[in-house]
Amino acid sequence: MSFFVENLYTVILIPFWAALLILLGKLFAVISSKKVVNIITFLSTIYCLFFAIGAFTKTLVEKGFVYENVIPFLTVSKFNFTLGMYIDGVTTWFLLLAVIISLIVQIYSMAYMRDDLSYVRFFAYLNLFNFSMFGLILAPNMFQIYVFWELVGVTSYLLIGFWYKNRSVSDAAKRAFIINRIGDFAFLAGIVLSAYIILANLGNVSSITLPFVEMPSISAQIYGCTSDGIFILTCILLLFGSIAKSAQFPLHTWLIDAMKGPTPVSALIHSATMVAAGVFLLIRLYPLYSLSNIILNIISIIGIVTALICSYSALTQTDIKKILAYSTNAQLGLMFLAVGSCSATISLLHLTSHAFAKALLFLIAGTVILAMNSNQDIRFAGGLRRKLPVCAYTYLVGIISLSGLLFSGYTSKEMIFSSLIQQNHYIFAILFEVVAFMTVYYLFRLYFYTFEGELVSDYKEPKNHLVYTPILLAFFVVGLWFVFPKSANLLIILFNIVIFVLALITSYIAYRFRNNIKKVPLFYDLSYRAFFADDVNNFISNIYCCLVKILSYIEKYICEGLSYILSLCVRISAFIFSKFQTGNVQSYLSYSLLIMMFSFGGLLLVYSLVIYFSEVQ
Amino acid sequence: MLNNIFNIGLFHYLILAMVLFFIGAFGVIISKNIIKILICLEFMLTAVNINFIAFAAFVDSVKVNGFIFSIFYTAIGAVEIAVALVIFYLMYREKKSINIENYKELNG
């Protein structure tokens, strides 16, 4: 087992080499068949899976196992920036989760992307994503976290904009990247600020990048030597990284746009792994955040606000992927709430159960979209249960788990709820149940629209491969139920069931009478347009555009005016001096004679004056 | 007084060389004919030669360096004139004129 732990860093390198191999092979036309690409990708991910399982077993057997191994990467005077790996229970758990989902999604996309022209590029990107994600998970300090944080952002950008020839897709990719950059900038500022605090107050050169091995002690030291304001500022800046990456409240709009990418990408990156990286960072920095109640409350409030907004927005959406995206967003908010109000472990469990269930739902959504001839509007779907029974029942497993009725989703949801009750966060608990109600409502609404009723539009038989791959994920959704710790509180179970049944009935009634329901103007708009988030974004960008316009006027008339004056001076002097260039050799000679005479004469004068005055004194 | 005047020393030679040099420079600057310019250039060369000989005769104890230099200088002057005359010939063939006023193409 220790072999796997000591060589776990190869998990970062192998996908990188695979990506490089695929890209270079394509470039030099060595790899032309899709089969070779499939084999390379599959082998690299299977390799990662073995190592992840090995390391996971090690941490499972030894409680509290911690291993760190770093190599110096950059040395600037006395500062050492190191890369390497830090392995504990959270690392291996998260790594295993990412590897399993990655593997299943890769198998799925081998069928899903089969007819795409850029098949090879897609798999190179997927491997690149594995590289950056695993590097992020194994990071031993904030330096490596930041490096791979950016890499993950770049690969996410590449994959969202995979069909870049479509203008709206490349715009969505750009927007996702820019919003992420806003968060990353604050994150970087937070890292620098914490490094400065450590350096200035503690003088501890070796730990300026916050190595996670010493996280609790360093956090306590930071808390001890700073004033409350500075500490909260540092934490909020660091928090902004998580907020942007996990699409939380002020910066949450990018995740919906990210759904323009291929569906396997949505399943892998924008629901299961990459967006969970923000929560992962929260868990990593939990020793720091937990020192201040204000920070924890901020995290909870951000989480619950995001969950409410996004659940409410999901109620009326008609795009199948948008509903799932809003759902993802809401669940990420609940993970934030769990970090802020309960504990990091509960958040990690919810992350796990959600990741499998949501990847499952997205993969089925991909199959449905293919079956509906690339039509994503659920109003044109329907009756697919008879055509795709496997998909429909797997989908039911996924939504029952996400709704918190059964399976792994039940355990994590119930743990969050009971922990909220125990900690006396009653308001959060009530809002949590509201979110749960809405979750059940929109997930079943999606189910009814897609799988029940009459077949509305064209239907195309998808490949078997696509239909059966999500079953693997369903096994995990169900299987984790038995792994997770259980605490059976009859009252909470009963409460859960009541909420579930109520939401189910509401959803069914709304579906049944969908043609007779009147849309309440404001509430419908609020939901359908997601609290006008895009309008707010446009408003902000318009303010920015005004500023840019003013600056451009300043540039145009003041800066260019100055440079025009300068050029005018040069031109005038050039005009004057060019008149001296008569072309007559004799005039040049006379200039040089005159200059020589005056300079020699001047020199003589100065020299004689110096001698004269030195003799006088 | 007279004694002083006729007692010729270094200073007189230098004055002679200077006058000769400036006559030459003046001629170079104002004359239009290329041949005249060449002649005036020779004046300037001679002035420098006189300086050499004067310094050699009055200042240097070995009295050899300056003389040798003046011989070199004369030789270089002869070569220079040969080259210059060839160039003038070519210029004349180009424009049928040896007036320097006609050679002002390189003006600004």
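How many nonpolar, polar and charged residues are in the lining of the largest pocket? I began my notebook with this question, keeping in mind that the model is predicted.

**Entry on the pocket.** I looked up the lining by class and found 17 nonpolar, 10 polar and 16 charged residues. The space in the largest pocket comes to about 990 Å³, and among the 43 residues that line this pocket, I noted Met259(A), Lys260(A), Asp319(A), Lys321(A) and Gln376(A) as the closest to its centre. I then asked which helix of chain A gives the most to the lining, and found that helix 7 does, with five residues. Several helices of chain A supply at least two lining residues each, including helix 4 (89-112), helix 7 (167-202), helix 15 (320-341) and helix 24 (533-578).

**Entry on the interface.** I turned next to chain A and chain B, where the contact draws on 11 residues from chain A and 15 residues from chain B. I recorded a buried area of about 990 Å² between the two chains, with carbon and sulfur atoms giving 62% of this area. On the side of chain A, Asn584(A), Gln586(A) and Leu593(A) supply 46% of the area that chain A buries against chain B, which is more than any other three residues supply.

**Entry on polar and charged pairs.** I looked for salt bridges between chain A and chain B and the count was zero, whereas three residue pairs across this interface are in polar contact. Helix 25 (residues 585-616) of chain A provides the largest share of the side that touches chain B, namely six residues. By class, I found four nonpolar, seven polar and no charged residues on that side of chain A.

Key. Residues numbered from 1 in each chain as written. Chains lettered and ligands numbered in written order. Predicted model: local features only at pLDDT ≥ 70, side-chain atom pairs only at ≥ 80, totals over all residues. Heavy atoms only, no water. Contact = heavy atoms within 4.5 Å. Buried area = accessible area lost by both parts, 1.4 Å probe. Salt bridge = Lys/Arg side-chain N within 4 Å of Asp/Glu carboxyl O. Polar contact = N/O pair within 3.5 Å; in protein donor to acceptor, adjacent residues only side chain to side chain. Helix = DSSP H or I, 4+ residues; strand = E, 2+ residues; numbered from the N terminus. Nonpolar A, V, L, I, M, F, W, Y, C, P; charged D, E, K, R; others polar. 1 Å grid on protein atoms, 1.4 Å probe; cavity = no way out; pocket = protein on both sides within 12 Å on 5 of 7 lines; lining within 4 Å. Points joined across faces, edges and corners; volume = space filled by probe spheres on them.
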